[in-house]
Amino acid sequence: MCTTAFEAGQVQRCLIPKPFEDEHFKVRVVYLPALHIGGDYAHIRRAGDRQLQVVLADISGHGVASSLVMSRLSSEIEACLE
């Protein structure tokens, strides 16, 4: 099955960190893609009462290939941080 740019874009949007806030943090991610999907990645999560885990990455290039590499990277990062 081939992945279309539209499907890859849907995957990419699902990986954008959800906003959250508490007494210590207020986190919002604004993602404004250019004309193409690509390999932008952000991971932001609480790591204790007053700590955050933050990972920002940008896979070189644009298009479905970069988006799929970013998707794989996000899975690996999630596994390592567990």
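Proline 19 lies in the loop that links helix H1 (5–14) to strand S1 (20–21). The structure described here is a predicted model.

With a relative accessibility of 51%, proline 19 is classed as exposed, because that class begins over 50%. Setting aside residues up to four places away in sequence, proline 19 touches Val27 and Arg28. The C-alpha atom of proline 19 is also separated by 9.8 Å from that of arginine 45, a residue 26 places apart from it along the chain.

Serine 74 belongs to helix H2, which covers residues 64–81. Its relative accessible area is 6%, so serine 74 counts as buried, the limit for that class being under 20%. Apart from neighbours within four places in sequence, serine 74 is in contact with Leu15 and Tyr41.

The two residues are set side by side below.

Turning to the chain as a whole, the protein contains 2 helices and 4 strands. Read from the N terminus, these elements follow the order α-β-β-β-β-α. The protein chain has 82 residues, of which 24% count as buried. Where contacts join residues at least 6 apart in sequence, 57% of them connect residues at least 24 apart. The protein chain exposes about 5900 Å², and 58% of this area is supplied by carbon and sulfur atoms.

How values were computed:
Residues numbered from 1 in each chain as written. Predicted model: local features only at pLDDT ≥ 70, side-chain atom pairs only at ≥ 80, totals over all residues. Heavy atoms only, no water. Buried < 20%, exposed > 50% of the residue type's maximum accessible area, 1.4 Å probe, protein only. Contact = heavy atoms within 4.5 Å. Areas by Shrake-Rupley, 256 points an atom, 1.4 Å probe, with all protein chains shown as cover.
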